[in-house]
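Hi,

Here is the structure I said I'd pass on. Have a look at it first, and then read on for what turned up.

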Amino acid sequence: MRHLLLFMFAIITLASCSEYQKVLKNEDVKPKYDLAQKYYEEKDFKRANRLFEQIAPKYAGKPQGERVMYFLADTYFQRKDYNMSGYQFERFLKQYPKSDKVPEAAFMGAKSYYELSPNYSLDQTDTDKALVKLQNFINTFGESEYFEEANKMAMELTTKKERKAFEIAKQYNKLGKFQYDLLKTAVAAFDNFISDHPGSIYREEALYYRVEANANLAMNSYDFVKRQRVETTKTAYATLLKNFPETEFADKANSLIEKLDKELASIQKPADISAK
């Protein structure tokens with residue numbers, strides 16, 4: 001029985017391949033349309049895609065053109081060819097702006113770029129594109145069934161971009177231990193991050209690391225600018241405690257402030273000279 005079933009499956013597969021090859025080479029678009037739709041419904045997106053590619057130009061401007069164009073874009077997406085699906089969904093939106101499928105096509109186009117978004121440590125060009133597409137969708141189709149999913153994806157990508165900016169600032173802070181000037185860059189990077197991402201999940205850490213970067217900068221400064229930089233560190237410290245009174249970084253931050261106070265006590269009060 002097992003051998004019989006395998007034999008029957010082989011026969012059906014061969015017949016299907018024969019039908020596909022025959023229709024593929026046929027100049028008549030109707031059989032290609034019917035078979036492409038059949039494959040699409042059966043989730044055979046590879047063969048459906050090939051057929052829709054062939055007939056899409058011939059259905060341009062015809063009633064079936066809208067359906068063919070949408071299916072073509074979706075087969076690219078289902079095959080994980082997200083560059084092409086993003087492009088094709090954009091084409092669909094331009095060619096059929098009044099279609100009932102516009103909300104879904106706009107969402108799928110944005111989702112294509114979402115799928116292209118790389119690891120946070122890499123170039124985020126596709127992430128930026130996805131965020132623009134998702135935000136446009138969210139602003140335009142607030143009642144769509146895809147609204148919640150679009151919001152979730154946008155938040156995920158926003159967090160990814162925040163992490164990239166945060167990790168860059170941390171790297172400057174780490175390298176500053178060996179190269180003094182990079183501490184200034186670290187402080188600026190944390191300042192920018194805190195200002196640009198007020199609701200970030202990394203905010204507490206960023207506020208602490210800003211204290212650390214400022215403290216290290218102050219302790220490695222000449223005496224005539226040390227006092228001013230200690231005050232800047234204490235302001236950053238106060239901001240950390242104000243925003244997170246029970247911060248997990250309290251012990252580390254307190255230790256840094258104690259070190260700075262001892263550092264100040266060991267030097268003479270400098271003349272009132274502005275920091276360069």
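**What I found**

Let's start at Phe-52: setting aside neighbours within four places in sequence, this residue is in contact with Ala-36, Gln-37, Tyr-40, Val-68, Phe-71, Leu-72 and Thr-75. Keep in mind that this is a predicted model.

Together with Leu-51 and Phe-137, it has the most contacts inside the largest nonpolar core, which has 46 residues. Helices H1 (2–25), H2 (29–41), H3 (45–55), H4 (65–78), H5 (82–95), H6 (102–116), H7 (125–140) and H8 (147–175) each give two or more residues to that core. There is a second, separate core too, with 30 residues, among them Phe-166, Ile-194, Ala-215 and Val-230. As background, nonpolar side chains in soluble globular proteins tend to be buried together.

Stepping back to the whole chain, you'll find 12 helices and zero strands. As for burial, 41% of the 276 residues count as buried. If you take the contacts between residues at least 6 apart in sequence, 57% of them join residues at least 24 apart.

What about the overall dimensions? The C-alpha trace spans about 95 × 50 × 30 Å along its principal axes. The radius of gyration is 30 Å, whereas a compact globule of 276 residues would come out near 19 Å.

Which of its residues are buried? Ala-253, Leu-256, Ile-257, Leu-260 and Leu-264 are. Looking down the axis of H12, the buried residues fall within an arc of 95 degrees, so they line one face of the helix. Helices H10 (203–219) and H11 (223–243) are among what covers them. Turn to the other side of H12 and you'll see Asp-251, Lys-262 and Ala-265, which are exposed.

The chain averages a pLDDT of 90, and 91% of the residues score at least 70. Residues 3–15 have a pLDDT below 50, and this stretch makes zero contacts in the model beyond near neighbours in sequence. Residues 272–276 are also below 50, and that stretch has seven such contacts. Where pLDDT is low, the predicted coordinates should not be read in detail.

Cheers

Notes. Residues are numbered from 1 along each chain as its sequence is written. This is a predicted model: local features need pLDDT of at least 70, side-chain atom pairs count only at pLDDT 80 or more; totals for chains, interfaces and linings use all residues. Side-chain values use heavy atoms; hydrogens and water are left out. Buried means under 20% relative accessible area, exposed over 50%, partly exposed in between (1.4 Å probe, protein chains only). Helices (H or I, at least four residues) and strands (E, at least two) are DSSP runs, numbered from the N terminus. The arc is that of the directions from the helix axis to the C-beta atoms. Contact means heavy atoms within 4.5 Å. A nonpolar core is a set of buried Ala, Val, Leu, Ile, Met, Phe, Trp, Tyr and Cys residues joined through side-chain atoms within 4.5 Å. pLDDT is the predictor's confidence in each residue, from 0 to 100. The radius of gyration is taken over C-alpha atoms; the globule rule is 2.2 Å times the number of residues to the power 0.38.
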